[in-house]
Amino acid sequence: MLQISCPWCGPRDELEFRCGGQSHIIRPDPPEAIDDVSWGKYLSEKINPRGEHLERWQHNAGCRRWFNVARDTVTHRIRATYHMTEAAPAFSADGVAP
Amino acid sequence: MRYSAWNVFKEGLKEQRGWKPAWRSPDPQQSYDVIVIGGGGHGLATAYYLAKSFGITRVAVLEKGWIGGGNSGRNTTAIRSNYYYRASARMYEHSLKLYEGLSKELNYNVMFSQRGMISLAHSLHDLELVNRQMNAMRLNGVDAETLSPAEIGRRVPILDISPAARFPVLGGLIQKRAGTARHDAVVWGYARAADALGVDIIQNCEVTGFQRGPDGAVTGVETSRGRIASRKIGVAVAGHSSRLAEMAGFRLPITSYALQAFVSEPLKPVLDTVILSPATGVYMSQSDKGGLVIGGGLDLYPSYAQRGNMPVMSNVLGAVAAQYPSLGRVRLLRHWAGIVDVVPDSSPIIGASPVPGLFLDCAWGTGGFKAIPVGGTMLAHQLATLNPHPLAKPFSLDRFTTGALIDEAAGSGIAH
């Protein structure tokens, strides 16, 4: 069972959360000027890394708010959780969030 | 040596000492006409059909571990073609028909057992979907029948069909030609048949990069056993397709998830079909050794860890205990997870990639095992002719640009 630290509610079991996939996706702008290929890539392409993945999660059985998680897709170790509009925290020397 | 009752008898007189390894273990040559990356069912089937249907025998299958050690050895062995859309139905039905003749074709008993697959309906809405699904399947030329609760009770006596059941049974859909096969035998059968036609199966050979010409087209691969040249490369690596695409410099609409499966201790025969409950996502069959083979939904966050998480495990096993009360105290023998490549419309990607000379057979999600014969047929056709197989045309990568998605996530009545 993963323990995920909601930035508002603190650590809770993974049962209370839902993963919303890759985060920091920027919608191309303006939409009417975007060709089909770029739009298709925006809608469907994924980084899908083997290793650290920056992803959106929702605390859907708690405060229902969205936030970001930096999680390893092999070990499932969570390095950091941070607010929706923040950039991912940099690695510190020991590999954990400052 | 051909496998036959006569040869088993003859070898029996010689203490079974005359059998040879079913395939060679050659060192890689410097170049091949075609390289297939991934020694699972799809990769080996591709090599087999390249040699058999197109006469292309200078083919290497590169496998980073041992053949059949990835998802081919981690699935729940169900084979069915109960899909909704015409493009899917045609493709999966083609696969099912190839499975029906596969043991004979490969001279290898893949133990395909057409024990049928039942999808349950637990509500009036489910019942409407069952009828809709049956009509869609019949219109596509696939066998389908609906079942009453009493008929399901007779066929699956361990299922709780009482009105007070946690998941009451209002009816169901059966595809009688669906069933299970021995997953290792499918892999080994294709490997043996491909090897006999001259294909090199190279194990413990991990691809670490692609070589490209000045025009951008692939000219070979870099591997843990050196460089191997080829101008036609097929990728059939299931959950790790994104990693190969990253090496080649493009991205796919794929997210990798872990899908768990479970096998119980051996029991006396209690279940002679494959049974699926869409309400819980749990499906189950009984292997010839007596173990109950159980599968459920995905672990719903991206994962490359070939092990499952606890919440999904407790959901799946809780549903088994609720729907089959007599199994509540059965113990598990094994539990594992495979990494599956899921796309937004839950349909495979077959054919050209953005890199010239590099072709894809991926995104089968949770259902790649049933598609091994057709996946191999389609990728072999693409590699040999450089044109998509007629069945594969709707499943090209550019459907994510054109929007012509084939959304089977709900249509096939399976949990994704």
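Reader: In this predicted model, which residue's backbone oxygen does the side chain of Asn140(B) reach?

Author: Asn140(B) sits in the loop between α5 (124-139) and β5 (145-147) of chain B. Among the residues that Asn140(B) touches, leaving out those up to four places away in sequence, are Arg86(B) and Ala89(B). At 3.3 Å, the side chain of Asn140(B) reaches the backbone oxygen of Tyr84(B).

Reader: Is Asn140(B) buried or exposed?

Author: The relative accessible area of Asn140(B) is 19%. Buried means under 20%. Asn140(B) therefore counts as buried.

Reader: Why does Tyr301(B) count as buried?

Author: A residue is called buried when its relative accessible area is under 20%. Tyr301(B) counts as buried because its relative accessibility is 4%.

Reader: How far apart in space are Tyr301(B) and Ile201(B)?

Author: In sequence, Tyr301(B) and Ile201(B) are 100 residues apart. In space, from C-alpha to C-alpha, the distance between Tyr301(B) and Ile201(B) is 34 Å.

Reader: How much area do chain A and chain B bury between them?

Author: The contact involves 23 residues of chain A and 22 residues of chain B. In chain A, Lys46(A), Asn48(A) and Arg50(A) lose the most area to chain B, together 30% of what that side buries. Carbon and sulfur atoms carry 55% of the area buried between the two chains, which comes to about 1,900 Å².

Reader: How many residue pairs are in polar contact across the interface of chain A and chain B?

Author: Between chain A and chain B, the count of salt bridges is zero. For polar contacts, with both residues at pLDDT 80 or more, the number of residue pairs across the interface is eleven.

Reader: Which element supplies the largest share of the side of chain A that touches chain B?

Author: α1 (36-44) and β4 (52-58) of chain A each supply at least two residues of that side. The largest share, four residues, comes from α1(A).

Reader: Which residues make the nonpolar surface patch of about 320 Å²?

Author: One member, Met310(B), is placed in helix α9 (residues 310-323) of chain B. Met310(B) counts as partly exposed because its relative accessibility is 45%. The patch is made by Met1(A), Leu15(A) and Met310(B).

Technical notes:
Residues are numbered from 1 along each chain as its sequence is written. Chains are lettered from A and ligands numbered from 1 in the order in which they are written. This is a predicted model: local features need pLDDT of at least 70, side-chain atom pairs count only at pLDDT 80 or more; totals for chains, interfaces and linings use all residues. Side-chain values use heavy atoms; hydrogens and water are left out. Patches are made of residues with over 30% relative accessible area and no salt bridge: like charges are joined within 9 Å, nonpolar side chains (Val, Leu, Ile, Met, Phe, Trp, Tyr) within 5 Å. Accessible areas come from the Shrake-Rupley method with a 1.4 Å probe; for residues, only the protein chains shown count as cover. A salt bridge is a side-chain nitrogen of Lys or Arg within 4 Å of a carboxyl oxygen of Asp or Glu. Buried means under 20% relative accessible area, exposed over 50%, partly exposed in between (1.4 Å probe, protein chains only). Contact means heavy atoms within 4.5 Å. Buried area is the accessible area (1.4 Å probe) that two parts lose on being put together, summed over both. A polar contact is a pair of N or O atoms within 3.5 Å; within protein, one must be able to donate a hydrogen and the other to accept it, and residues adjacent in sequence count only if both atoms are side-chain atoms.
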